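This report describes selected local and overall features of one protein chain. The sequence and structure are shown first, followed by the description.

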Amino acid sequence: MNEKEPLAFRMRPRTIDEVIGQTHLVGPNKIIRRMVAAKKLTSMILYGPPGTGKTSIASAIAGSTHMAFRQLNAATDSKKDLQSVVSEGQFSGGVVLLLDEIHRLDKAKQDFLLPHLESGRVVLIGATTENPYININPAIRSRTQIFEVHPLSEKDLIMGLERALVDKERGLGQYSVVLNDDAKAHFAEASNGDLRSALNALELAVLSTPPNAEGNIVITLTVAEESLQRKAFDHDADGDNHYDVISALQKSLRGSDVDAALLYAARLIEAGDLNSLCRRLMVCAYEDVGLANPQAVSRTVLAVQAAQQIGLPEARIPLANAIIDIALSPKSNSAIAAIDAALNDVRNGKSGQIPAYLRDAHYNGAKAMGRGIGYQFPHDFPGHWVDQEYLPETLQGKHYYQASDTGNYEKALEQQRQYHEQLKKKKR
């Protein structure tokens, strides 16, 4: 055992049976296990968060099939490094190549690699935290199967920790370790589904804690907290995870789930992404609350302005007010639906001709062209309203705005419109 290597590296599974979690891929009768059993491997892309087993699955595939296993990085390793692996595969009968950060593979390396994938001498297992359907070249995607790996459950993480504690060859089995239940739970809960983080924190705890009088290394909750500190928050402002968080935030606000909305907002705050959070709250306020509660919309604007002025961390205070306000307000998307309906007609060539009496009449010769003639000025009439057509002739009678039945304000707007409609009917 090379103790200079991190525990997570040493405990990497040697066969498919040692893989922790990802049962949807490696469980009984699941696709990757079937590939290994049949010795019919195809190139694949494993997509998911850090520490969830992408490298483990690749090494387990190689171990189970007794193929050579090589690991390169698409961004930092050269084309010459790829050539070396391909040559090895040609002479040995096959090699499993784990290519980290495959989304960063440049065209020269890709062009070299593609024909060798088709020969079967190189089984490529690409690993990425980025959505492959967005960030990986179609030429690579068409030659691989794409599998998503998920964050490990707390049960999975505890299994990994316990396995490492008893393994005398690769793990910490040579030490007399007493891992308290609350410490074990903390490693599992606070590592956010990342087994690598949990294992390396456990090793730090064991190696930095002196034995007690009985010769036991006792890992308490305090030691666990100090060793793990806080799980590094994974948030790439350009990655698809960023857009997933934003999407979840808006859908939670729209769905009136205040707790979920606060959680996703907290993720953006923790990442320091104040701009994205402020922008999304403004959009949500107008798009999803809208006319059902205009006061909440106005309060959101003020909260965003305050947050941008005071900055983080205090910005979280006015933003929390806005998040709760938006989430628990009545909802109406009638405004966005109305403007989109009008845009649809315009984009489909159905905007029609503006009536002559509504056209600009503030220039010489306008009257001679019939511009502005017959226009009735609403303020000259009782109630500041007059029965007059404003839509083009081809669209008269069309209603883009369909009022929602939530919120007293929008109900009042709809009552006003119905009142005008009734006046029109009486005069015609």
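This is a predicted model: local features need pLDDT of at least 70, side-chain atom pairs count only at pLDDT 80 or more; totals for chains, interfaces and linings use all residues.

Although His66 is not a glycine, its phi is positive, at about 60 degrees.

A positive phi, of about 65 degrees, is also found at Ser256, which is not a glycine. The loop that holds Ser256 runs between helix H13 (240-254) and helix H14 (258-270). Ser256 counts as partly exposed because its relative accessibility is 34%. Most residues other than glycine have a negative phi, and most peptide bonds are trans.

## Cis peptide bond

Leu312 and Pro313 are joined by a cis peptide bond, with omega of about 10 degrees. Pro313 is placed in the loop between helix H16 (294-310) and helix H17 (316-328).

Asp182 belongs to helix H10, and its relative accessibility of 39% is why Asp182 counts as partly exposed.

## Overall architecture

The chain contains 19 helices and 7 strands. Of its 428 residues, 43% are buried.

The C-alpha trace spans about 95 × 60 × 40 Å along the principal axes of the chain. The radius of gyration of the chain is 32 Å, whereas a compact globule of 428 residues would have one near 22 Å.

Definitions and conventions:
Residues are numbered from 1 along each chain as its sequence is written. Side-chain values use heavy atoms; hydrogens and water are left out. Helices (H or I, at least four residues) and strands (E, at least two) are DSSP runs, numbered from the N terminus. Buried means under 20% relative accessible area, exposed over 50%, partly exposed in between (1.4 Å probe, protein chains only). The radius of gyration is taken over C-alpha atoms; the globule rule is 2.2 Å times the number of residues to the power 0.38.
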